Amino acid sequence: MQNDLMAGISGVRGVVGKSLTPDIALKYSSAFGNLCRSGKVVVGRDSRTSGEMIKSTVISGLLATGCSVVDLGICATPTVEIAVPELKAWGGIIITASHNPIQWNALKFVGSDGIFLSPKENQKLFDLVENDRIKYQPWNKIGKVSFDSTWSKNHIEKILRLKYINVKLIRQKKFKVVLDCCNGAGGVVSPDLLKALGCTVIELNCQSNGLFPHDPEPTPKNLTSLCQAVKKHHADLGFANDPDVDRLAIVSEKGIPLGEEVTLALATRFILGKKPKSHVVTNISTSRMIDDIVKEFDSKVYRTKVGEAHVARKLKQVKGIIGGEGNGGVILPELHCGRDALVGMALILEYLAESGKSVSRLASELPPYFMVKEKARLTKNFERNLSKLKRKYSAGKISTLDGLRIDYDDFWLQVRKSNTEPQVRIIAEARSKHEAGKLVADALKIINS
Ligand code: MG
């Protein structure tokens, strides 16, 4: 395992006790305190066992730079994104390594608008740390901490009030849902949302104790217990949240994982059905299903680099109605400009309730594509090998917006550096699984050479 600290668009991420130590957390939170001009800062964390330790140092840095801290405790990442502008705070720090394994943790920085810092703002923060220019306050200007545990409840209420959500209709359907929160932060909020929507909830791993019973990335291979439980309980569907509740995966009533790409596709189809001729924003790694759905509803899709901050900012800029990332991250700007598994679950249940169809039926109506995703180790030969790939597929339409994406009429392939792990992500989408798999295998050979 590589232990280097990763600082980038997704914040500062490292392995606890190795690259992510208390002094590192302190430096970055103090620098953020300076950027927030000693104003109010909201802090929340996922349930990782390292969370309390990192939170203590983060709060210490903020207090030392004169910030007043509102501690939300264990909560979803999108809950912090909602609380920051509502509390008129200067910013927020979320302590979570999202879907990374248990040994990781991270600080994610949110601006006063509730959106992750832009690359430029992040750079300002990183420069303060690198150039050792942090300024601390004297004894009489130290900040204060208050604890506010109301925000998960507030978050749920805001979802129930959305104009797209007909609470009465969903309640009438009495859906039976199996929910797997991987013992992440979802446990403190997701079961309550589903119960408020009248669902019978079968809770798997909703303890929020940070002891992940399986790899926390909500990809099909990690959802076997959820699939089995859906079948066993004859549930209408299964939901999986990643540890900080910004990604949502769905399991059909047949116990089959639909794949993360389907989450945003279903949500987009539902919303565009309500409001055609709208703008949608997603990243460049997301399925072509979105392009087809957008055409179906006479709408327009904008593609950005991978990373919530890029998608969120573009959504604001073009006044998009829905957006997100193909990894199960749904953004509904009407609520807030961040990926939110909670709003994703509510939209899917509303879609089921209004259509009267099963989730596998709704998924079968989506454009038929097959996506294969792989990871490879990031080596020093990466750029050279990327050029080799570019030559191999030179007949395709090339985009270098994020890594390398090559589009042909019937398939596309993308190879890019991960923002969150020292890895290379390889994605192919084609009309058959075999074809997509072959594209990825061929690319892997070149990337590993
Ligand atoms: Mg996440």
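At what angle do the axes of helix H3 and helix H5 cross, and within what distance do they come?

1. The axes of H3 (residues 77-86) and H5 (residues 151-160) come within 10 Å and cross at roughly 90°. That makes H3 roughly perpendicular to H5, a label given to angles of 65 to 115 degrees, whereas angles under 35 degrees count as roughly parallel, those over 145 as roughly antiparallel and the rest as oblique. Axes here are lines fitted to C-alpha atoms, for helices over the stretch in contact, and angles run from 0 to 180 degrees between N-to-C directions. Pro-78, Thr-79, Ile-82, Ala-83 and Glu-86 of H3 meet Trp-151, Ser-152, His-155 and Lys-158 of H5, where contact means heavy atoms within 4.5 Å.

2. On conventions, this is a predicted model, in which local features need pLDDT of at least 70 and side-chain atom pairs count only at pLDDT 80 or more, while totals for chains, interfaces and linings use all residues. Residues are numbered from 1 along each chain as its sequence is written, and side-chain values use heavy atoms, with hydrogens and water left out. Helices (H or I, at least four residues) and strands (E, at least two) are DSSP runs, numbered from the N terminus.

3. Helix H4 (residues 119-130) has 12 residues and reaches 16 Å from its first C-alpha to its last, close to the 16 Å expected at 1.5 Å a residue, the expected span being 1.5 Å times one less than the number of residues. Its buried residues are Asn-122, Leu-125, Phe-126, Leu-128 and Val-129. They cover an arc of only 155° around the axis, which puts them on the same side of H4; the arc is that of the directions from the helix axis to the C-beta atoms. Buried means under 20% relative accessible area, exposed over 50% and partly exposed in between, with a 1.4 Å probe and protein chains only. The face turned away from the buried side of H4 carries the exposed residues Lys-120, Lys-124 and Glu-130.

4. The cover over the buried residues of H4 includes strands S1 (6-8), S2 (11-15) and S6 (104-110), together with helix H1 (22-35). The axes of H1 and H4 come within 9 Å and cross at roughly 120°, and that makes H1 oblique to H4. On the H1 side the contact is made by Lys-27, Tyr-28, Ala-31, Phe-32, Asn-34 and Leu-35, and on the H4 side by Glu-121, Lys-124, Leu-125, Phe-126, Leu-128 and Val-129.

5. H4 is followed by Asp-132, whose phi is positive, near 55°. Trp-139 has its place in the loop between H4 and strand S7 (145-147), and at 76% relative accessibility Trp-139 counts as exposed. The C-alpha atoms of Trp-139 and Ala-64 are separated by 8.6 Å, although these residues are 75 residues apart along the chain.

6. Asp-71 lies in strand S4 (residues 68-74) and, at 6% relative accessibility, counts as buried. Leaving aside neighbours within four places in sequence, Asp-71 is in contact with Val-43, Lys-55, Ile-59, Val-145, Ser-146, Phe-147 and Asp-148.

7. In helix H8 (residues 224-232) the buried residues are Leu-226, Cys-227, Ala-229 and Val-230. Seen down the axis of H8, these residues fall within an arc of 165°, so they line one face of the helix. They pack against strands S8 (176-180), S9 (200-204), S10 (237-241) and S11 (248-251), whereas the face of H8 turned away from its buried side carries the exposed residues Gln-228 and Lys-232. Just after H8, His-234 takes a positive phi of about 50°.

8. Two further backbone values deserve a check. Arg-37 is not a glycine, yet has a positive phi of about 50°; Arg-37 is found in the loop between H1 and strand S3 (40-45) and counts as exposed at 65% relative accessibility. Cys-182, also a residue other than glycine, has a positive phi near 55°; Cys-182 is found in the loop between S8 and helix H7 (190-196) and counts as buried at 1% relative accessibility.
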